[in-house]
Amino acid sequence: MSFVVGVDGGGTSTRALVFGADGTRLGAGVAGGSNPNSVGAGTAAANLRLALEGALSGVDAGAVAAGVLGMAGSSRLTDPEVDALFRAAWAGAGLRCPMRVVTDCEAAFAAGTPAPDGTVLVAGTGSIAARVRGRRVVGTVGGHGWLLGDEGSAFWLGREAVRAALRALEAGELDGLARAVLERAGVGEGPGAWARLITAANAGPPVALAGYAPLVTAAAGAPGEVVAARIVDGCARVLADLAVAARTAVEVAAVVLVGSLVGAPVLGERLRAELAARVDGEVVVVREAAAGAAWLAALESGAEDGWRERALG
């Protein structure tokens, strides 16, 4: 086995990693989102290429034996035109090996545990829980996108923040969260703030509401921020509901967590506590799903013993 490449393509960012035959990390590249459902197919493919080129800098791309793209919105590649854009980006980065595409859930699960079966919960810009068997997703709960679902996601959390600010304006009682929302939106307090906030929130694409999510998790830990704390508690319960719904009643396999919200202040801790109280099995937090994608590529190429331990620590 020679080099392998693993990519985690999400709605906000794309991360690519290159590893050697022994599991040594050789390169990393980061670019904008590559989920074609949230950023558009052309932009997504361009970001994939940028991330790959960054990771492959100084490495002979032609010597890469296998590569796996773990991708949010992977179903869009059933469209031949979208698929062609992504494969052109792959080849444009110098890769000659086939582009194997798996879901972001499968890449994250592989990063969290060497076991073939279990549950993965993705809580980032969007949200989804999946039942994994033989390292493949066999069932999902949620993941319906911002319009139809994505409960507990950064989009959902950001939307709740703006809604809370609007209610605070209506009541004339602004708390820290409401003031933080107004500041981020560029909306001053005073007469007309309610209308200006609605206008600002609708000015960009809906997914941009995810940008308000950090305001909620930051406020939730401050004294007296009752509304933010309530939103975070609700978010933790909703996300745990997704994970529990994806499991069988007697399952004891690991629950793997990944996404920007998993490590968020207050929320990450509440989510882990909620899951620990409701499920059997270890709760594992993953920081780099791209490493899981690389491990799947390494398995495909006949990884030597100890590859995963060296690569993923």
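Reader: Is Cys 97 buried or exposed?
Author: In this predicted model, Cys 97 is buried, because its relative accessible area is 7%, below the 20% cut-off for that class.

Reader: And Cys 235, buried or exposed?
Author: Cys 235 has a relative accessibility of 0%, so Cys 235 counts as buried.

Reader: How many disulfides are there?
Author: The count is 0 disulfides. For Cys 235, the nearest cysteine sulfur belongs to Cys 105 and lies 16 Å away, whereas a disulfide requires the two sulfur atoms to be within 2.5 Å.

Reader: Turning to the helices, how do H6 and H8 pack?
Author: Helix H6, residues 176-185, packs with helix H8, residues 213-220, at an angle of about 150°, and their axes are 10 Å apart. The two helices are therefore roughly antiparallel. The crossing of H6 with H8 is right-handed.

Reader: Which residues make that contact?
Author: H6 contributes Leu 177, Ala 180, Val 181 and Arg 184, while H8 contributes Leu 215, Val 216 and Ala 219. By class, there are 6 nonpolar, no polar and 1 charged residues in the contact of H6 with H8.

Reader: At what angle do H5 and H6 pack?
Author: Helix H5, residues 154-171, packs with H6 at about 110°, with 9 Å between their axes. That angle makes H5 roughly perpendicular to H6.

Reader: Which residues are involved there?
Author: From H5 they are Ala 161, Val 162, Ala 164, Ala 165, Ala 168 and Leu 169; from H6 they are Leu 177, Ala 178, Val 181 and Leu 182. The contact of H5 with H6 comprises 10 nonpolar residues, with no polar and no charged ones.

How values were computed:
Residues numbered from 1 in each chain as written. Predicted model: local features only at pLDDT ≥ 70, side-chain atom pairs only at ≥ 80, totals over all residues. Heavy atoms only, no water. Buried < 20%, exposed > 50% of the residue type's maximum accessible area, 1.4 Å probe, protein only. Axes fitted to C-alpha atoms, helices over the stretch in contact; angles between N-to-C directions. Helix = DSSP H or I, 4+ residues; strand = E, 2+ residues; numbered from the N terminus. Parallel < 35°, antiparallel > 145°, perpendicular 65-115°, else oblique. Left-handed = near helix turned anticlockwise from the far one by under 90°. Contact = heavy atoms within 4.5 Å. Nonpolar A, V, L, I, M, F, W, Y, C, P; charged D, E, K, R; others polar.
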